[in-house]
Amino acid sequence: MTTDHPDQEQHRDQEQHRDQDQEQHQGQQQHQHQGQQQHQHQHREQPQHRHRNHVRDQHQGQDPHQHREQRRFHLPSGSAARGAYAVDIDPGRAGWDRSALRVLELGPGGVHTLVTGESEWIVLPLAGACTVRIAGETFELRGRESVFSGVSDFAYLPRDAHAQIASGAGGRFALAGAKCERRLPARYGPAPEVPVELRGSGTCSRQVNNFAAADTFDCDRLIAVEVLTPGGNWSSYPPHKHDEHVPGEECELEEIYYFEVRDGGLGYHRVSPSRDGGTDVLAEVRGGDVVLIPDGWHGPSIAPPGRTLYYLNVMAGPGEERAWLIRDHPDHRWIRDTWPDEPIDARLPLYTAHPSPGPEVTP
């Protein structure tokens with residue numbers, strides 16, 4: 001996923017002369033790094049962004065194999081596009097069994113046909129409104145202006161079905177999916193019924209829109225929530241994991257993070273190994289980026305000062321019980337004990353679910 005660049009050859013030549021003139025090399029390296037930062041600010045073209053990270057890792061002495069492994073799990077905006085989708089992650093592409101995510105972008109008057117196959121899906125508007133037609137029913141999703149403006153309604157689509165998604169004004173729509181066994185009925189999810197939870201406190205405060213959490217909306221395998229983190233705060237914290245089955249304590253779930261940043265900018269996301277050879281990612285994330293988490297301690301997700309960080313979590317696992325059971329990293333679980341002594345960030349909630357006339361379902 002990296003591309004060749006003359007800077008790489010120049011850097012290798014400098015490395016050969018490092019012992020002769022270390023001080024001179026450091027000055028050149030600092031100048032080159034500053035130039036790369038300016039280039040990043042001026043041109044956010046993804047292949048150059050990935051190349052820049054590659055050069056940075058060479059500077060820091062990171063194992064190239066480790067860097068390649070990180071690129072498997074951090075998918076920058078555009079790198080997971082396929083066909084009609086700006087993001088298309090299926091179990092085969094992710095290298096696991098169940099969880100899937102697609103992001104569909106429709107222009108004004110756009111129409112898309114979805115074949116659900118062996119998976120259940122939720123159509124969640126990220127920006128804009130749409131009409132979902134399936135098996136003689138029509139669900140009008142009012143949607144929202146953006147993920148930062150309000151809670152959205154949504155539609156649940158069962159496996160083994162054909163659906164049509166159409167948008168008069170155009171928009172961007174997440175399709176959160178999971179390979180499943182049971183075929184449940186198609187349903188409408190009203191925005192006013194989405195529980196909005198404030199989690200953590202102080203600089204760990206964040207907002208969770210539990211539209212398809214395990215205990216709020218019935219699915220066979222799929223679990224999906226939205227998280228909004230005010231600028232300067234940490235979420236997905238303390239680091240936690242759900243990569244093994246421990247009855248009553250932890251369940252096995254494959255997880256996808258999809259990111260957006262209000263008004264642009266960047267955030268950071270960390271996944272650290274929970275086992276030898278496990279997932280190890282430190283990613284600079286921007287709007288449209290995806291991080292895959294097959295295993296490992298994940299968190300924190302860090303919002304930059306002045307910019308709200310959004311991510312959509314999509315999860316599914318093999319367990320008989322559809323549940324979200326996690327274990328905190330033992331070195332960081334103490335942070336939960338400090339939360340009762342700190343107020344929740346006054347900027348939260350960013351918004352709440354507002355009453356609406358109710359679902360529009362046309363037979």
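Trainee: What is the strand order in the open sheet of 7 strands?

Mentor: The order is β1-β19-β16-β21-β13-β12-β11, with antiparallel pairing. Strands are DSSP runs of E, at least two residues, numbered from the N terminus. Two strands pair if DSSP finds at least two bridges between them. This is a predicted model: local features need pLDDT of at least 70, side-chain atom pairs count only at pLDDT 80 or more, and totals for chains, interfaces and linings use all residues. Residues are numbered from 1 along each chain as its sequence is written, and side-chain values use heavy atoms, with hydrogens and water left out.

Trainee: Which are the edge strands?

Mentor: β1 (74–75) and β11 (196–199). Each pairs on one side only.

Trainee: How many bridges join β12 to β13?

Mentor: 4, between residues 206–212 of β12 and residues 223–229 of β13. Those strands run antiparallel. Q207 has L228 as its bridge partner in β13.

Trainee: Switching to rings. How many aromatic pairs are there in the whole structure?

Mentor: A search finds 8. Rings of Phe, Tyr and Trp (its six-membered ring) pair if their centres lie within 6.5 Å; planes under 30 degrees apart are stacked, over 60 edge-to-face, the rest tilted. One of the pairs is F154 with F211, edge-to-face, 5.5 Å centre to centre and 65° between the planes. F154 lies in β7 (residues 154–157) and F211 in β12, so the pair ties together parts 57 residues apart in sequence.

Trainee: Are F154 and F211 buried or exposed?

Mentor: Both are buried. Buried means under 20% relative accessible area, exposed over 50%, partly exposed in between (1.4 Å probe, protein chains only).

Trainee: And how do the rings of Y156 and F217 sit?

Mentor: Their centres are 6.2 Å apart and their planes at 55°, so the pair is tilted. Y156 is in β7, while F217 is in the loop between β12 and β13, 61 residues apart. Y156 is buried at 0% relative accessible area; F217 is buried at 13%. Ring pairs link F154, Y156, F211 and F217 into a cluster.

Trainee: What lies over the face of Y156?

Mentor: R187, at 4.5 Å from the ring centre. The criterion is NZ of Lys or CZ of Arg within 6 Å of the ring centre and within 35 degrees of the ring normal. K241 lies over the face of W297, at 5.6 Å.

Trainee: Cysteines next. How many disulfides?

Mentor: 0. A disulfide needs two cysteine sulfur atoms within 2.5 Å.
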